[in-house]
Amino acid sequence: MAPSTLTALAEEKTLQASFVRDEDERPKVAYNQFSNDIPVISLAGIDDVDGKRGEICKKIVEACEDWGVFQVVDHGVDTKLVSEMTPCKLLEVLSEAMGLEKEALTKACVDMDQKVVVNFYPKCPQPDLTLGLKRHTDPGTITLLLQDQVGGLQATRDNGKTWITVQPVEGAFVVNLGDHGHYLSNGRFKNADHQAVVNSNCSRLSIATFQNPAPDATVYPLKIREGEKPILEEPITFAEMYRRKMSKDLELARLKKLAKEQQQLKEKEAENEKPKLEAKPLEEILA
């Protein structure tokens with residue numbers, strides 16, 4: 001009988017078969033094998049136009065172009081309010097980097113919708129066989145993540161060939177740029193490709209605040225630099241963008257399942273043929 005609570009699940013000695021991932025989806029890096037590749041940016045002085053603002057903005061823009069994910073500290077805002085104020089401040093920076101008015105990205109959202117999700121990852125008896133959250137990009141504009149000190153958030157920038165585990169920093173917010181922000185920048189700023197892994201030592205908790213545009217908000221590059229082409233053929237609504245994303249994910253999952261079933265069928269047929277070949281006399285095999 002399957003465990004009925006998360007507490008019971010955390011006490012399991014073996015991983016349930018339904019949680020086992022295909023080999024190509026299993027973790028390549030441990031939850032506590034931390035990397036310093038993801039920038040940790042201090043926001044102290046970001047409002048000082050004649051001071052550190054230029055340097056801070058440069059670091060944020062480079063992080064969005066390189067990874068699409070970074071951490072911010074010294075945000076100077078109470079934890080309860082940071083999820084409301086920090087995204088707007090960061091979107092202002094990216095708008096200015098694109099040569100637009102600082103409210104451009106926020107206005108493109110029409111009516112910013114905020115959704116808060118609490119993720120609890122119980123400790124796992126066989127963490128090398130599964131994931132806490134499968135690989136994905138967030139569909140919205142920008143995401144803020146508050147994580148504990150356990151570790152488990154991983155990111156890739158080479159389409160999953162290599163992964164790094166984000167180093168937890170006390171009091172920091174992890175910032176992920178989503179698909180909407182990626183499209184508005186015409187691909188200049190990356191949509192963070194990430195996943196969450198689990199471990200067998202302790203449970204992990206994270207709180208994600210998703211900043212999404214209104215369903216009828218237009219998704220299309222706000223500015224196309226000289227020599228570039230738009231990464232979208234035509235303007236679409238955020239609702240349509242989300243529908244296409246979900247449809248693509250389902251189709252890829254269907255094709256992968258089909259390929260796996262076909263491979264298993266071939267292996268079974270080959271196994272069934274093997275005894276027949278071994279049972280024939282050598283003269284017949286060589287005839």
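This section describes the overall make-up of a predicted protein model and then a set of individual residues within it.

The protein has 287 residues, of which 39% count as buried. Its secondary structure consists of 7 helices and 13 strands. Along the principal axes, the C-alpha atoms occupy a box of roughly 90 × 45 × 30 Å. Among contacts with a separation of 6 or more, 78% are made by residues 24 or more positions apart. The accessible surface amounts to about 16,500 Å², and carbon and sulfur atoms contribute 52% of this area.

The cysteines were examined for disulfides. A disulfide is a covalent bond between the sulfur atoms of two cysteines. The count for this model is 0. For Cys57, the closest cysteine sulfur is that of Cys64, and the distance of 11 Å is too far for a bond. The cut-off for a disulfide is a sulfur pair within 2.5 Å. Cys109 is likewise in no disulfide, the nearest cysteine sulfur being that of Cys88 at 8.8 Å. Cys57 counts as buried because its relative accessibility is 12%, under the limit of 20%. Cys109 is also buried, with a relative accessible area of 0%.

Thr156 belongs to strand β7, which spans residues 153–156. Its relative accessibility is 4%, so Thr156 counts as buried. The side chain of Thr156 forms a polar contact of 2.8 Å with the side chain of Asp158. When neighbours within four places in sequence are set aside, Thr156 is in contact with Trp67, Lys161, Thr162, Trp163 and Asp193. Asn159 is located in the loop between β7 and β8, the latter strand covering residues 164–166. With a relative accessibility of 61%, Asn159 counts as exposed. The phi angle of Asn159 is near 65°, which is a positive value in a residue other than glycine.

A positive phi value is also found at Asn186, where the angle is near 60° and the residue is again not glycine. Asn186 sits in the loop that runs between α5 (179–184) and β10 (193–196). Asn186 counts as buried, because its relative accessibility is 6%. Its side chain reaches the backbone oxygen of Lys229 at 3.2 Å. Lys229 is also one of the contacts of Asn186 beyond four places in sequence, and the others are Pro221, Lys223, Ile224, Glu228, Pro230 and Ile231. Asn186 and Ser206 are separated by 20 residues in sequence, and their C-alpha atoms are 30 Å apart in space.

Arg243 lies in helix α6, which comprises residues 238–279. Its relative accessible area is 46%, so Arg243 is classed as partly exposed. Arg243 and Lys89 are 154 residues apart along the chain, and a distance of 29 Å separates their C-alpha atoms.

Definitions and conventions
Residues numbered from 1 in each chain as written. Predicted model: local features only at pLDDT ≥ 70, side-chain atom pairs only at ≥ 80, totals over all residues. Heavy atoms only, no water. Helix = DSSP H or I, 4+ residues; strand = E, 2+ residues; numbered from the N terminus. Buried < 20%, exposed > 50% of the residue type's maximum accessible area, 1.4 Å probe, protein only. Contact = heavy atoms within 4.5 Å. Polar contact = N/O pair within 3.5 Å; in protein donor to acceptor, adjacent residues only side chain to side chain. Areas by Shrake-Rupley, 256 points an atom, 1.4 Å probe, with all protein chains shown as cover.
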